[in-house]
Amino acid sequence: LHRVNVLQDGVRNLKGDDINIGVWDENASQHLDFSPAGRLVNMNSGSAGSHGTHVSGTIGSRGIINPIAKGMAPNAKIYSYLA
């Protein structure tokens with residue numbers, strides 16, 4: 001609950017358009033808030049973990065389920081790598 005939604009007021013461009021982000025933690029689970037399909041890419045095979053999903057969501061969640069939990073760059077493409 002970093003409240004970045006307060007900064008996404010339409011005045012500042014904090015959407016992540018055309019931005020690729022790498023997260024080195026663990027594979028992230030596919031989730032509704034990472035829609036559309038293909039916006040979250042797990043670069044390594046293996047099962048997903050809750051921490052990798054949480055970190056990726058803090059960065060790139062769309063806030064579909066809970067608008068207050070919208071990520072810092074909700075339009076960015078996230079590449080998830082195993083640490």
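## Nonpolar core

In this predicted model, the largest nonpolar core has 8 residues. They are Ile 21, Val 23, Ala 28, Phe 34, Leu 40, Ala 73, Ala 76 and Ile 78.

Ile 78 touches core members Ile 21, Val 23, Phe 34 and Leu 40. Its contacts also include Arg 39 and Val 41. Ser 56 and Gly 60 are touched by Ile 78 too, with residues up to four places away in sequence left out of the list.

## Helix 1

Helix 1 spans residues 50-60. Its buried residues are Gly 52, Thr 53, Ser 56, Gly 57 and Gly 60. Viewed down the helix axis, these buried residues fall within an arc of 130°, so they line one face of helix 1. In an α-helix there are 3.6 residues a turn, so residues three or four places apart point the same way.

Exposed Ser 50 and His 54 sit on the face of helix 1 turned away from the buried side.

## Backbone exceptions

Most residues other than glycine have a negative phi, and most peptide bonds are trans.

Pro 36 belongs to the loop between strand 1 and strand 2.

Asp 18 is found in the segment before strand 1. Its relative accessibility is 81%, over the 50% cut-off, so Asp 18 counts as exposed.

Conventions
Residues are numbered from 1 along each chain as its sequence is written. This is a predicted model: local features need pLDDT of at least 70, side-chain atom pairs count only at pLDDT 80 or more; totals for chains, interfaces and linings use all residues. Side-chain values use heavy atoms; hydrogens and water are left out. Buried means under 20% relative accessible area, exposed over 50%, partly exposed in between (1.4 Å probe, protein chains only). Helices (H or I, at least four residues) and strands (E, at least two) are DSSP runs, numbered from the N terminus. The arc is that of the directions from the helix axis to the C-beta atoms. A nonpolar core is a set of buried Ala, Val, Leu, Ile, Met, Phe, Trp, Tyr and Cys residues joined through side-chain atoms within 4.5 Å. Contact means heavy atoms within 4.5 Å.
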